[in-house]
Amino acid sequence: MTPHDFITKWQNSKLKERAAAQEHFIDLCRLLGEKTPAEIDSTGLDYGFEVGATKTTGGRGFADVFKRNHFGWEYKGSHANLDTAFAQLQRYAVALDNPPLLVVSDIGTTIRIHTNWTNSVSKTYEIAISELVDAEKRAWLKAAFSDPEALRPTKTRQQLTEEVAGDFADLARSLQSRGHDAQEVAHFVNKLVFCMFAEDVKLLPDRMFVRMLDRAVEDPAEFEDFARTLFAAMKVGGRVGFEKVAWFNGGLFNDDRVFALTNEEIEIVRSAARQYWGDVDPSILGTLFERGLDPEKRGQLGAHYTDRDKIMQIVRPVIVEPLAAEWEAAKLEIVGLIDKAQNLEAGAKTKGGRLASAAIGQATVARKEAQAVLDRYLKRISDYRILDPACGSGNFLYIALREMKDLEHRAQVEAEALGLPRRFPTIGPEVVKGIEINPYAAELARVSVWIGEIQWMLKNGFPAARNPVLKPLETIECRDALLEWRQEGGTKVAKRAQWPAADAIIGNPPFLGDRRMKPELGAEYVETLRSNYSTHVRGGADLVCFWIAKAWDYVVHAANVKVGLVTTNSIRSGANRETLKPIVEAGRIFDAWSDESWTVDGAAVRVSLICFDRSAGPVRLDGARVDKIHSDLTSNSSGLDITNARRLQENRNVAFQGVISYGPFQLEGTVARSMLLEPHNPNGRPNKDVVRPWSNGQDVARRPGDRWIIKFPSDCEEADASLYQTPFEFLRANVLPYRLKRSNDELKRYWWRLWRSRGDLFAAISSHHRYIATVRHSKHRLFRWFDAAVVPDSALIAIARSDDTTFGILHSKFHEIWSLRTGSWIGKGNDPRYTPTSTFETFPFPAGLAPNIPATEYASDPRSVAIATAAARLNSLRENWLNPPDLILRVSEVDTDFPDRLIPSTPAAAKALQKRTLTLLYNENPTWLKHAHEALDLAVASAYGWPIHLDDEQILARLFSLNQERAAGQPEENSILVDDEASDGEDDA
């Protein structure tokens, strides 16, 4: 069929929809060279007429034509209202598995293709029947049949939202630069934002807002009166000129506060208004606007944000799956009752008199019972309440609301297909509740939920609410979620805050490490918080643990509550993990992702997602079914719970975190050497007492640097420190100004001291000429020898042993496997973390080779000799590779108490040495390195008396058994694994 033939036959056809739709569609197939439904799918399930969950009552299907993964198509008679047809198709899109295209057409005039992708802005392709001679427009139709992706808009909803957020960040910055209050500016901008959205979804009439801006550009002085008039009308419903304005309010338009805008600022708003606000993405809208409106967060505007797929990893298992399962059970019951009714009705036709009447009566009862089952389910979900106690700008709440509305909608559609009458959606923003301490974020949460509610209604073919358009959202409260403060006789006191009633608790509580809480929140608040939650949260736990503990307490005292929270991935270890133990013991973690990428304040981090309750059912870890999830978010078929490993007395006081400076105590090599060459001080002592070589994690993983540090003893008073004149004055000039800017009084009082001098560490290594060091956070678990004169940084763990046997045991696969399971994972790079307590002190060394035994006592033990020999060879091979004699010069230090320096012999050697680091070596893992480690592993396995070919789980099981055996009889406090020294650098000040 040619375009001319099609146009001649169908243009302005008077045929009715029912009579002509299928023939019209088949003619389109012929025109486009496409096969008809019957030629492709004889079943009609994936491509056909009147398909897609066709109603059992014998009525029409949910679309006149359906092609799976392509389109749903609704026909109307010529010159019919296609907006009505589109709304009808939208209402049933869920029953058609949400095809990417929704097509509506009348018989004789127009075909419209509406895009329906979730994450793309919407677009409509309109084709008049008379325009089918146009090859481009026929190509649009051809793509709908064979290649829907060709019609997908290139701009995503996320990109659109980023663009408009950037516009309003510029406006907020401009207004705040003129001295306006940041909170009032944010509230004003939110009203502008909602006006633009309301206009684009036709809740404000006839481009009213854009026309207002066009007039204001001509005379900026009029903007205030224009906007104030509009806001006042939206508050209660009214008129602007001759235009009627709906009642919006909901609290957003309680006031008519307006700022005068310059011509440039009006242009910013007008530029933003040209975007189609109906497609903004509420799952990120609040986050991006919070960054743009809050001066403290504006620098994060272009950074990453958490997307909806990540949030669904919490929302799906906590809310969607349980309620969807309830619907499946209810639907099964409805199907049985409807089948019973239909069978009775069919049987009545073969009977007469009383028997037929009785059958019809029984059928009616069965249908009423089916309706009652549906009504109970719909009431169940309409009464369901979801709380986010740290809701931020509302992304969790919006997605939870969307999913609740989807659940209700799907139940209604599927029940209708079974023959039950359909009702208007009832679930609205009242089902979500939030607590947020930041007023910027709290209002944005309300705006995000309002916009999301309206978008859902329109996308699914329903009108938005009216009278008012915006329901009040007092359920999103602006307050502290953890503490409730009050005055008692002039004294400010606090108690644990109360959370409103809810069936599910979800969210992303703030991430703040234990040692950063006081600097960020204030000492008084943190001390009060810890005091109020002392029975629930151990000392040293991160801030997120308080939300976990409070949520668990909520679960304990309420029925059938489920919780899903995002936490730092350090929740799996130390004091943080103690918060999960009561959950595992008295309830269950039923779904968890142990290590996921996430975005916090615009920065990429690694997190753990945990869902818990007190019910029974299947359990998933990292997407796979498991029997149980332990408090370290691991699981194994043997039921082994490594979190019960205990600290061993034989390993105590051997491993230590390095020093924490909290200030510029470090020196360049040239400056340090000039101090070392100075004459002795007034006290008769040389500067080498306090000027020492200093190493950080780079010296283990990369190349050694020429770095030094000034280190006074931890109890050194100012008068004694000042006797080392040059080092002391260096600190006065560099450290004192830095410390005076800090809020910690101890830092300022003892400004010449390191924040953590680690006297116990230096006492432990004082009897050794060298010690073992490893990086706390590292991709590979590497150990190196350091000279005893070198001061280790906080990024290092120093182990006060100088024998090759201990070095070899630590570098064996047995210790590495143990450290990976008992440590934690941290940072954007998700590097494993090594700690003195939970990792080193729990590790059971081979019998007779433990760290509390002097190396001289087992020097002749054949097991020790074998390990030491293999370890020394591994170290020698590595050092030869790292520092080849032809590339290195060994230079004596200015003081013989300090180790020699290794420097490149030539510039070319320096360049070659950049590629010789332990990290690069272990990434490459050459054959000689594998052989050296295999020899070491064989020696250590022999020392344990174990075969070498055990798998990881078998090794863990044996090590855990040894740990429990040796810990038996130790004081109970040794079972508590707290990362006392797990703070990141200077964060603990």
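Contact means that heavy atoms lie within 4.5 Å of each other. The model described here is predicted. Its largest nonpolar core has 159 residues, and a second, separate core has 88.

**Nonpolar cores**
- In the largest nonpolar core, six residues touch the most other members: Phe 168, Phe 194, Phe 223, Phe 248, Phe 289 and Ile 319.
- Helix 12, residues 308-348, gives the most to this core. Its share is 13 residues.
- What does Phe 194 touch, not counting residues up to four places away in sequence? The list is Phe 248, Leu 252, Phe 253, Trp 450, Ile 451, Ile 454 and Leu 470.
- In soluble globular proteins, nonpolar side chains tend to be buried together.

**Helix 13 against helix 14**
- Helix 13 spans residues 353-383, and helix 14 spans residues 395-417. They pack at an angle of about 170°, and their axes are 10 Å apart.
- Angles over 145 degrees count as roughly antiparallel, so helix 13 is roughly antiparallel to helix 14.
- Helix 13 brings Leu 374, Tyr 377, Leu 378 and Ile 381 to the contact. Helix 14 brings Met 404, Leu 407, Glu 408, Ala 411, Gln 412 and Ala 415.
- By type, the residues of this contact are 8 nonpolar, 1 polar and 1 charged.

**Val 431, a loop residue**
- Where does Val 431 sit? Val 431 is in the loop between helix 14 and strand 10 (432-436).
- Is Val 431 buried or exposed? Val 431 counts as buried because its relative accessibility is 0%.
- Leaving aside neighbours within four places in sequence, Val 431 is in contact with Ser 382, Tyr 384, Arg 385, Ile 386, Leu 401 and Met 404.
- Val 431 and Ile 268 are 163 residues apart in sequence. In space, they are 36 Å apart, C-alpha to C-alpha.

- The 4 strands form an open sheet in the order 20-27-24-25, with antiparallel pairing.
- Strand 20 (655-657) and strand 25 (783-787) are the edge strands. Each pairs on one side only.
- Neighbouring strands of this sheet are turned by 35° against each other on average, direction ignored.
- Strand 24 (residues 770-775) and strand 27 (residues 796-799) run antiparallel and are joined by 4 bridges.
- Which residue of strand 27 is the bridge partner of Ile 772? The partner is Ile 799.

Notes:
Residues numbered from 1 in each chain as written. Predicted model: local features only at pLDDT ≥ 70, side-chain atom pairs only at ≥ 80, totals over all residues. Heavy atoms only, no water. Core = buried A, V, L, I, M, F, W, Y, C linked by side-chain atoms within 4.5 Å. Buried < 20%, exposed > 50% of the residue type's maximum accessible area, 1.4 Å probe, protein only. Helix = DSSP H or I, 4+ residues; strand = E, 2+ residues; numbered from the N terminus. Pairing = 2+ DSSP bridges. Axes fitted to C-alpha atoms, helices over the stretch in contact; angles between N-to-C directions. Parallel < 35°, antiparallel > 145°, perpendicular 65-115°, else oblique. Nonpolar A, V, L, I, M, F, W, Y, C, P; charged D, E, K, R; others polar.
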